Amino acid sequence: MTEPESFRLELHLDDEAATLALGQRLARAVAEIGVGINILLNGDLGAGKTTLVRGLAAALPGGADARVSSPSFNIMNLYPTTPEAAHFDLYRLEYQEPDESLLEFLQDDDTLVIVEWVQYLDKSFWPDDFLLLEWRPATAGRTIELTATGKNAIKTLRAAF
Ligand code: ADP
Ligand code: MG
């Protein structure tokens, strides 16, 4: 039997608590699968991207001390979780060349890489294996589409749901 190449699901998040809970759910799966996971977030200002990262980082082993903030004014935030998490925000990149450190972390299987505003990253820089979260228009709360591409991302999404 051949493995599917991607796995997709859509969720409605009624409120901030639901966004945090999705982050926690993904954290449990990341802790279980462990390596080579890249989470790419595509949503506008105020979508809830940083909120999701807060829920995720806090629920990882060691995450109680992670101080999650939007890394728009520095290149990235590193959280002392297991796995270690590197949190990027490309809002100010606006299609310019990404920082070398992002490309290095995307190659590094030991680090969980989380990228806000991934729509500003040229597709040629995207990894082969990633979980993409896309915010869709919603009249209340948030609608989010999750697509897993590649072996680790598919395993992670299956473990979470
Ligand atoms: P972003 O990082 O995408 O700019 P933030 O995480 O800073 O967005 O969140 C922006 C606002 O959206 C916050 O006030 C947060 O509480 C709110 N929010 C997060 N998730 C939801 C949701 N599912 N429904 C309604 N509001 C939400
Ligand atoms: Mg943000």
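Predicted model: local features only at pLDDT ≥ 70, side-chain atom pairs only at ≥ 80, totals over all residues.
Local features need pLDDT of at least 70 and side-chain atom pairs pLDDT 80 or more, whereas totals for chains, interfaces and linings use all residues. Side-chain values use heavy atoms, without hydrogens and water.

The magnesium ion (ligand 2) is coordinated by Thr50 (OG1) and Glu116 (OE), at 2.2 to 2.4 Å. Donors are N, O and S atoms within 2.8 Å of the metal (3.2 Å for Na, K and Ca); water is not among the atoms, so sites may look incomplete. Thr50 lies in helix H2 (residues 49-59) and Glu116 in strand E5 (residues 112-116), so the pair ties together parts 66 residues apart in sequence. Helices (H or I, at least four residues) and strands (E, at least two) are DSSP runs, numbered from the N terminus. Glu116 is buried, at 2% relative accessible area. Buried means under 20%, exposed over 50%, and partly exposed in between (1.4 Å probe, protein chains only).

Strand E2 (residues 38-42) has four of its five residues buried. Four bridges join E2 to E5, in parallel. Ile39 stands opposite Ile114 there. Four bridges also join E2 to strand E6 (residues 130-136), again in parallel. Here Leu40 faces Leu132.

The whole structure holds four salt bridges, each a side-chain nitrogen of Lys or Arg within 4 Å of a carboxyl oxygen of Asp or Glu. Glu145 pairs with Arg8 at 2.5 Å. The two sit in strands E7 (residues 142-149) and E1 (residues 6-13), 137 residues apart. Glu145 is buried (10%); Arg8 is exposed (52%). Glu134 and Arg136 form a salt bridge at 3.4 Å. A network of salt bridges links Arg8, Glu134, Arg136 and Glu145.

Notes: Residues numbered from 1 in each chain as written. Chains lettered and ligands numbered in written order. Pairing = 2+ DSSP bridges.
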